[in-house]
Amino acid sequence: MKMFREVIQRATLVFVATAMWTATAGAQNPAWAKRAAASVFTLKTFDDSGTLLASSTGCFVSADGEAISSFAPFRGARAAVVIDAQGKECPFDCLLGANDTYDVARFKVATRKAVPVTVAASPASESATMWMLPYAAKRVAQSRQGTVARVENFMEQYSYYTLSLDAGSGNVGCPLLNERGEVVALMQDAASGADGKSNAIDVRYAAALSMTALSINDATFRQTAVDKAVPANINDALLALYVASSAMDSMQYVRYLDRFVAQYPTATDGYAYRARHKMSQADFAGADADMRQAVKMAEKTDDAHYQYASIIYQKELYQPEQRYEPWTLQRAYDEAAEAYRINPMPVYRQLQAQVLFAQQKYEDAFTVYQELSGTTLRSADIFYAASQCQARLGNSELQLAQLDSAVAMFGKPYVRAAAPYIMARAQALHDAGRYRAAVVDYNDYARLMGSRVAAPFYYLREQAEVGGHLYQQALDDIRRAVDMAPEEPMYLAEQAALETRLSLYDEANATAARLVQLAPEVSDGHLFLGLSLCLKGQKKDGLQHLLKAKELGHEQAQQLIDKYAQ
C-alpha cells in the first residue's frame, strides 16, 4: 500500500511538471518550425584580447549570409563569430547597419549556405499570435507561443510590440514568427515582473538598416571595432572612405581599405588612400604597387596617373630623407604629364608646375602658372604661386605684380577669403622697403581678421610703421603686442627701443626694467635700461647695466659704454 502511494505521488509530480512546461513553452511546434529553426543562430563577440565578450541569438534573412540580431554584443567588440543551427562556426564578415537606440544590427556572415527565414511584409496586429523560436544546435527547439498585447508605431512605418509572453532569459534576438512561419519581430528582453510581458522590435526595421556615407562617424558604430560594410553607392562610399581615415584605428582602417578596393576595383581612390596609408608606414614599395595596380585597373586612367604623381610628389616634398629609388620628382612630373596627355585638364598641368617649383625650376614653373591664369583655374592661388616663383628668382617687382593680380581677384570691400593674399602682399611690400604701402595692406588684413589677429601681427605691423615713420601707430602696436603676450622678451625689447628712440626715457626705463626682471639673461633688457638711465643722467647705474649687456654678448654695448663713460 505504501509503495502504491509513492508511485501515485511520483506520477502526480510528473504530470504537474509537464503541465507547467506546457504552459510556458506552448503546444506542439508549428509545421514550419523545422525549417525556421535552421535559420536561427548564436552570435558571439570577442574583445581585443580574444576573450568572449557577449552573445545573442539571431536569424538569417538571406541565403548569402545576411543576418539580423541585437546590437548590444557588438559594443566593445573587435571580432565576432556565428554558430549556425548545425553547430558550425561561420566567420563574421561586416556590419551592414545598426541602431543602438533600438538595439538591432544587420550584418553579413561569411557563408553561402545560410537557410533564411522569410521576413513578413506586414506587421502583426494586436491579439495576433506569435511564436518565439530559440536557438538549439542540431535540433529544433521548442517554440514559445505568445499574444501581441500592444502595438506602438515608430518612424511612421515600423512597429514596437509588447507581448504576453514569458520569453525566459538568454533569448534576446530570437525571431518571433507568425502563423505562416514568417519572422515579424526580434525579441528585445525577457519577461519583466509578474505580468509576463516581453518586448520586441519590428524585423522590417532591422532588415532595412544600411551604411550611409557618414555612418562610420556615428556614435553607434564608434562603439565597436568589428568590420563595417562599404556603402553600396560609390559617391557615398568615397565620402565614407574619407571619414574612415580619421574615425578608425589603424587596424580597422586597413581592413576597410581592402574592403573598398575589393568592392570597387576600378575606382582609383581606394588604391590611392591605401597607398597613402602605406606611405605613412614607410612602405613605399607597397604604395607603389597599389598605384601601379590603380593605373592598370582604373576606369579613368588619367586620374590614376594624376594621383600616382601626387603621392610621389608629397613623399618627395615631406619625406625626402626616406629614399625610395623609383620615386623622384622627375617621376612625379612624368606621371602628371601622362595624365595631361590623356586628358588635358588644367589641374594636371598645375601639378606639373608644383613639381617644377620643388625642382627649383622657377622660370619653368612661372611659365606654367602664367599659362594656367588663362584657364578655368585662374584664381588668387595661381597668381600667388606665380609670385612665389618670382620671389625665388629675386624679382620683387614681378612678385608684387602677381600679388596685385591675386588681390584683384577679390573686389572691394574685401571678404575674409582675401586676407591671406593681402597679408602676402603686405609682407612683400615690407621686404621691398615700401613701408607705408605695406601698412595699408596690414590695416586691411586686420579689419578682415578682427579678433583673430594676435601679437605677432602687431609686432610685424609695428616694424613697417617704424620704417614708414608712423611712430605713434608703431608705439600703439608694440604696446598692444606686449599686452597680448606679456611674457615675450622680444616685444618688450622692441617697445623699450622705440620708447628710447622717441625720447620717452621714463617709459623706456620702466619697460627695460620689466624686461630685465622677466629675462635677466637677455642682453637687450640691460642695454636699454642702461641707455635710458644714462640719458636720464644716471650714468653710474646706467653703465653697470651696459657692462652687463656687454657681458651677455650685446654688440652695441661697448660703443655706448665708450660714449657715456667719459
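Helices (H or I, at least four residues) and strands (E, at least two) are DSSP runs, numbered from the N terminus.

What you see above is a predicted model, in which local features need pLDDT of at least 70 and side-chain atom pairs count only at pLDDT 80 or more, while totals for chains, interfaces and linings use all residues. Residues are numbered from 1 along each chain as its sequence is written, and side-chain values use heavy atoms, with hydrogens and water left out.

Let me start with the chain as a whole, which contains 23 helices and twelve strands. Its radius of gyration is 38 Å, well over the 24 Å that the globule rule gives for 566 residues, so the chain is more spread out than a compact globule; this radius is taken over C-alpha atoms, and the rule itself is 2.2 Å times the number of residues to the power 0.38. Along the principal axes, the C-alpha atoms fill a box of roughly 140 × 65 × 45 Å. Of the 566 residues, 49% count as buried. If we take contact to mean heavy atoms within 4.5 Å, then among contacts with a separation of 6 or more, 57% come from residues 24 or more positions apart.

As for the surface, the chain exposes about 27,600 Å², and carbon and sulfur atoms supply 51% of that area; accessible areas come from the Shrake-Rupley method with a 1.4 Å probe, and for residues only the protein chains shown count as cover.

Strand β4, residues 79–83, is mostly covered, since four of its five residues are buried. On one side of the pairing list, β4 and strand β1, residues 40–46, are antiparallel over five bridges, and the partner of F46 in β4 is A79. β4 is also joined by three bridges to strand β5, residues 89–99, again in the antiparallel sense, and here V82 has C90 as its bridge partner in β5. The two strands β4 and β5 form a hairpin with five residues between them, and G87 in that turn has a positive phi of about 85 degrees.

D103, in the loop between β5 and β6, has a positive phi of about 55 degrees although it is not a glycine, and D103 is buried, with a relative accessible area of 18%. E156 lies in the loop between β8 (144–154) and β9 (158–164), and its phi is near 70 degrees, also a positive value in a residue other than glycine. Is E156 buried or exposed? With a relative accessible area of 79%, E156 is exposed.

The peptide bond between K412 and P413 is cis, with omega about -5 degrees. P413 is found in the loop between α14 (396–408) and α15 (419–431), and at 71% relative accessibility P413 counts as exposed. From P413 to Q558 there are 145 residues in sequence and 52 Å in space, C-alpha to C-alpha.

Finally, I would like to point out K278, found in helix α7, residues 268–280, which counts as partly exposed at 23% relative accessibility. Which residues does K278 contact, leaving aside its neighbours within four places in sequence? They are D283, G286, A287 and D290. The C-alpha atoms of K278 and V254 are separated by 9.3 Å, and these two residues are 24 apart along the chain.

Key: Buried < 20%, exposed > 50% of the residue type's maximum accessible area, 1.4 Å probe, protein only. Pairing = 2+ DSSP bridges.
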